[in-house]
Amino acid sequence: MLRVPRRLLWASVAPAAALAAALFSSLARCSRLEPRDPASSVLSPYFGTKTRYEDVNPGLLSGSEAPWRDPELLEGACTPVQLVALIRHGTRYPTAKQIRKLRQLHGLLQARGPGDDRAGRAGSRDLGAALADWPLWYADWMDGQLVEKGRQDMRQLALRLASLFPALFSQENYGRLQLITSSKHRCVDSGAAFLQGLWQHYHPGLQPPDVEDMECGPPKINDKLMRFFDHCEKFLAEVERNATALYHVEAFKTGPEMQNILKKVAATLKVPVNDLNADLIQVAFFTCSFDLAIKGIKSPWCDVFDIDDAKVLEYLNDLKQYWKRGYGYTINSRSSCTLFQDIFQHLDKAVEQKQRSQPVSSPVILQFGHAETLLPLLSLMGYFKDKEPLTAYNYKEQMHRKFRSGHIVPYASNLIFVLYHCENAKTPKEEFRVQLLLNEKVLPSAHSQENVSLYEDLKNHYKDILQSCQTSEECELAKANSTSDEL
């Protein structure tokens, strides 16, 4: 008999609500990263796409290698036969553009007048002076590259998944692993680090060889899959290169919420408010997140902001993700159809091979991309959609929104499709089932809100995308002038 997860009784709960509950639950049991997280900032939940993976999975703060098993994972008479994982790269350095903005802000602090760094209240030195002296260690060459912490993110994810699905990640299957990656170095290096983690799982204590010498070979670059947005002319013309596409982002920057922060930060740092803008404020906030994620330190940049500021700055980041990668424009998600179809082609092939009593030729497919890869796909699948669009004018109404990018796609985020074969199924339709995991937690199905789906039902729900969404047509520019499809 099939053991059905207990939370199937939870069917009335929306998928996003189920995920939100999981995000804030305490996940004990893992092994060792830091026994405590003294550097963790109260701002950590609000860093958007710059969020650490362990802040979405708090149990990892006490250890990050031993697997935490979601009690809703399918087991019993059903055996996992294939795993397809879409994985965002690990923790990275700031981009060169962000570093230049930080350098500009740092220069403003250092250029303050001689009376601006006098002692503040109770004889303490003011924050602006402390930040002017705080080492600016970021350099242009870093430009979004993977950091050691990002490699650690990947090695530890590999160890946990290999422990969670030992039959799929068996040493016998190692040579049959399929790895695809974006051409960006942070993604290529993430795939290599994942393979090193698997090597550690198979050969504890032994130094892994170069990835090129591993049996499965290095990840193969495929930007048409992992950076589909760069190959979609309609997206590039109507969103990426369209000066008005991010209207709500720019409007929010000049709106009352951001202007209040601007004035407050100017007063705190003792710099002219006219020398600051929303972009500089945002880079200061992200510097707090980078120092925490990369070095594990709570820098003085974190002291510039309080939780109310952090919520506003998170919303600014979410507005950008929403209008550029999420539900803001239909083409954002429809441009990911090719990737979605590719995932189901792998699943279809595995089902066909099992039906013929053949071994599954690719039991594990790992695809390394970006937040910009995952968010459109999740939007295509119908996850984290709010009743009202996120706009520059409804910040307060969206305080409890589902679309919070940091809780969906932190560093090292992962969307995993697990295909199960159920021996004792009563009908052929019940023989194959699928579970989705987001960041290692079961993600209820968008069409049924259940924690496991019959494979045929899942395919039927997404029939339009699988059969009718042709990237060549979706991404083709209309010959006549037309406006973007704004929701």
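**View 1. Helix α8 and the elements that cover its buried residues.** The cover over the buried residues of α8 includes α12 and α13, where helices (H or I, at least four residues) and strands (E, at least two) are DSSP runs numbered from the N terminus. Helix α8 spans residues 233-240, and its buried residues are F235, L236, E238 and V239; buried means under 20% relative accessible area, exposed over 50%, and partly exposed in between, with a 1.4 Å probe and protein chains only. The model is predicted, so that local features need pLDDT of at least 70 and side-chain atom pairs count only at pLDDT 80 or more, while totals for chains, interfaces and linings use all residues. Residues are numbered from 1 along each chain as its sequence is written, and side-chain values use heavy atoms, with hydrogens and water left out.

**View 2. Surroundings of R325.** R325 is placed in the loop between α12 (307-324) and α13 (330-334), and with a relative accessible area of 8% this residue is buried. When its neighbours within four places in sequence are left aside, R325 is in contact with F229, F235, E240, K320, N332, E372, L375, P376 and S379, a contact being heavy atoms within 4.5 Å. The charged end of R325 sits over the ring of F229, 4.7 Å from its centre; for such an arrangement, NZ of Lys or CZ of Arg must be within 6 Å of the ring centre and within 35 degrees of the ring normal.

**View 3. Strand β6 and its parallel partners.** Six of the six residues of β6 are buried, so this strand is largely enclosed by the rest of the structure. V364, L366 and F368 point one way from β6, whereas I365, Q367 and G369 point the other way. Strand β3 (residues 78-88) runs parallel to β6 and is joined to it by six bridges, with V84 as the bridge partner of I365; two strands pair if DSSP finds at least two bridges between them. Strand β4 (residues 178-181) is also parallel to β6 (residues 364-369), through four bridges, and here Q178 is the bridge partner of I365, while I180 stands opposite Q367.

**View 4. The crossover from β4 to β5.** Two bridges join β4 to the parallel strand β5 (residues 220-221), and T181 stands opposite I221 in β5. Between these strands the chain passes through helix α6 (residues 185-202), and this β-α-β crossover is right-handed, meaning that, with the strands pointing away from the viewer, the path from the first strand over the helix to the second runs clockwise.

**View 5. Aromatic pairs.** The structure holds 22 aromatic pairs, in which rings of Phe, Tyr and Trp (its six-membered ring) have centres within 6.5 Å, with planes under 30 degrees apart counted as stacked, over 60 as edge-to-face and the rest as tilted. The rings of Y322 and W323 have centres 5.5 Å apart and planes at 70°, so the pair is edge-to-face, and both residues are buried. F340 and Y462 also form an edge-to-face pair, because their ring centres are 5.1 Å apart and their planes are at 70°. F340 lies in helix α14 (residues 337-355) and Y462 in the loop between α17 (455-461) and α18 (463-468), so the pair ties together parts that are 122 residues apart in sequence. The relative accessible area of F340 is 0%, and Y462 counts as buried at 4% relative accessibility.

**View 6. A cluster of rings and a lysine.** Ring pairs link Y93, W137, Y138, W141 and F290 into a cluster. The charged end of K295 sits over the ring of W137, 4.1 Å from its centre.
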